[in-house]
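User: Hey, can you walk me through this one? I'd like to start with how the pieces pack together.
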Amino acid sequence: MSLELLPAEVLQNVCDLLRHVRRNTYASTGQGRGCPTCLGLNALLVLARTSRVFHNYALNAIWGTLPGYAPLVYLLPDDAWMLGIRPATNSKDFSVTSSTITRPLTENDLERLKHYSPRVKRIIHRVDVPFPIRAQEHQCLPSVLEAFAAFFNARPDQAFLPNLRVLHLNIPSDSYDVYPSLHVLFGPLLRDFDNSTSTQAPELFEGALSKLAEKSPGLRAFQISLWSWEPPLADVVSHAVCKFQHLTRVSVDMIPISAEGFAHLATLPSLRDVGLKMGLRTDEQYRDMLDKAKGTRFFPRVFRMNLQHQFGLAIPALALRVISSPYLTIISIHVSEDAVTSQDVQELTAAITSRRRRLLRLKIVEIYLASIRDGDAITMDALDPLLDLVNLRLLKVIAKSGRFAIDNRALGLAALAWPDMRHLELGPDRMKPDVTPPATLEGLILLALRCPQLHTLGVALDTTLRRLPGFYDYLRPGAGKSQGRLETLKVGRSKVANPAEVAAFLSDLFPNLCNIESDFAFEEEIDEYEPLTPEERTEYLLDAAHRARWDSVEQDHIPLFVNIRKQERKWANARRGD
């Protein structure tokens, strides 16, 4: 069968799939870095040059996704642009090529560009397809978009990139004057806009976002990442989101959004994936808005909700109570600064389970806390409402500082309530002062027996074997059964006195455990701290000793015990065969 008889869609799919093929080995670039060898891209270049059948389809695949718009500059005549090189400053850095336009563009200058620009569908800065390093390390100075904007503004019937659907930009802080010309990249087919920047020019940024809403009314995905911001800039983003009516995904989780912006997004029937930082100015505006929302269909179809707040859990808890979506599957809550209490956490978990339709649907719950108030501790009572989530597969309750008081009873309840759990983190404590955890190694047994899919566990443990019941002196922990999926155990600041005894227990229960993470200091890091008093230095050395013991459990003892038990089983099977 001749290739010419195949449907065009088949030939294009072949080239698109070939575009993602890369070699697993890494080749040196001569710049201190490695890059994947782009086998698929090289093959497409050969097809574009040698195959009449695949020529157009190969070009579509080559130009369909670009790491920025800098490659388009090279389609202009040589006298229209100029390059500058910023040399690498050290062996780990790399040189960057910057391009600029040297004169106004004419119709003849764009003849070659117009042949390739309709093929461009994605401009991205987070490269998920293989590109040579030299293609990624190009930047355009603002004059490039200024020249293109001046040309196409005078010709409204023409478009720079008429088929662009995805636009991901990473604009440096010193290039904010590119925003007045950014609209030349927008078009009616644009569906995904992602801008990472640290601009401090709210007026220019507002003009760019207004043009985005005007020229791309069908936008589906909107993401803004601002590494630094002031309230005027937050107002700009809040006003911008109110101009889009068809969003399915929005992520503005680094800059707070206003109550008005939140309310607008909550009414969009198409919205499915939400990431927002709440609390611009006062919480009272949010409280009033959420109180009025009771009985309305807020976020009717959302399946993932990521809410951040700088101070406390009260506003996120109110927001969760008004979400009406029966499809809600993932909830992630972040508190960046304020200390919370166990009562705050209990009210949040009650809000998570406040709607009956969520009990069967929710599979992932993440709660990230800045700190737990001094004198308080997170117990299973605070998490008790989550026990109704029978299909829960991932639960993280993590704090940068503060106490967790998770005991054996809590671990037993978790094992009984969540048999499909894959990833469970309840703490553990990461900061001083150190307190003996209430949970012992015995608490892991029911998790091992009832949660066969569990692969990651984080909990603080009292590893003292004398706290175990006496019958474990002659009975194996799992009564001969083991859980083979667990690979990662996060123990925080849990201390260990006898690595061999702890490893014997863990290896019998979790034979494939290969990664134990603790939060004790490395001995090599001690000299990097500020000048330490003798008491502080002794304390850090004790920390380093506990880390070394956990490393010994992971790297030395567990593999040894696992191999011994494998050999014992082999001998036992051989004897039974005899």
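This is a predicted model: local features need pLDDT of at least 70, side-chain atom pairs count only at pLDDT 80 or more; totals for chains, interfaces and linings use all residues.

User: Which residues in helix 8 are buried?
Analyst: Leu233, Ala234, Val236, Val237, Ser238, Ala240 and Val241.

User: And what sits in the loop between strand 10 and helix 8?
Analyst: Trp227 is in that loop, with strand 10 covering 221-226 and helix 8 covering 231-241.

User: Is Trp227 buried or exposed?
Analyst: Exposed: its relative accessible area is 58%, and the cut-off for exposed is over 50%.

User: What does Trp227 touch, leaving out residues up to four places away in sequence?
Analyst: Ser196, Thr197, Ser198 and Met254. Met254 is 27 residues from Trp227 in sequence, yet their C-alpha atoms are 7.1 Å apart in space.

User: Switching to the core. How many residues are in the largest nonpolar one?
Analyst: There are 163, and Leu185, Phe222, Phe299, Trp418 and Leu506 have the most contacts inside it. Helix 6 (residues 142-153) gives the largest share of this core, seven residues.

User: What's around Trp418?
Analyst: Beyond its sequence neighbours up to four places away, Trp418 touches Met380, Leu386, Leu387, Leu389, Leu392, Leu395, Leu424 and Cys451.

User: Speaking of cysteines, how many disulfides are there?
Analyst: Zero, from a search of the whole structure.

User: Okay, and how accessible are Cys140 and Cys242?
Analyst: Cys140 has a relative accessible area of 17%, so it falls under the 20% cut-off and is buried. Cys242 is at 27%, so it counts as partly exposed.

Definitions and conventions
Residues are numbered from 1 along each chain as its sequence is written. Side-chain values use heavy atoms; hydrogens and water are left out. A disulfide is a pair of cysteine sulfur atoms within 2.5 Å. Buried means under 20% relative accessible area, exposed over 50%, partly exposed in between (1.4 Å probe, protein chains only). Helices (H or I, at least four residues) and strands (E, at least two) are DSSP runs, numbered from the N terminus. Contact means heavy atoms within 4.5 Å. A nonpolar core is a set of buried Ala, Val, Leu, Ile, Met, Phe, Trp, Tyr and Cys residues joined through side-chain atoms within 4.5 Å.
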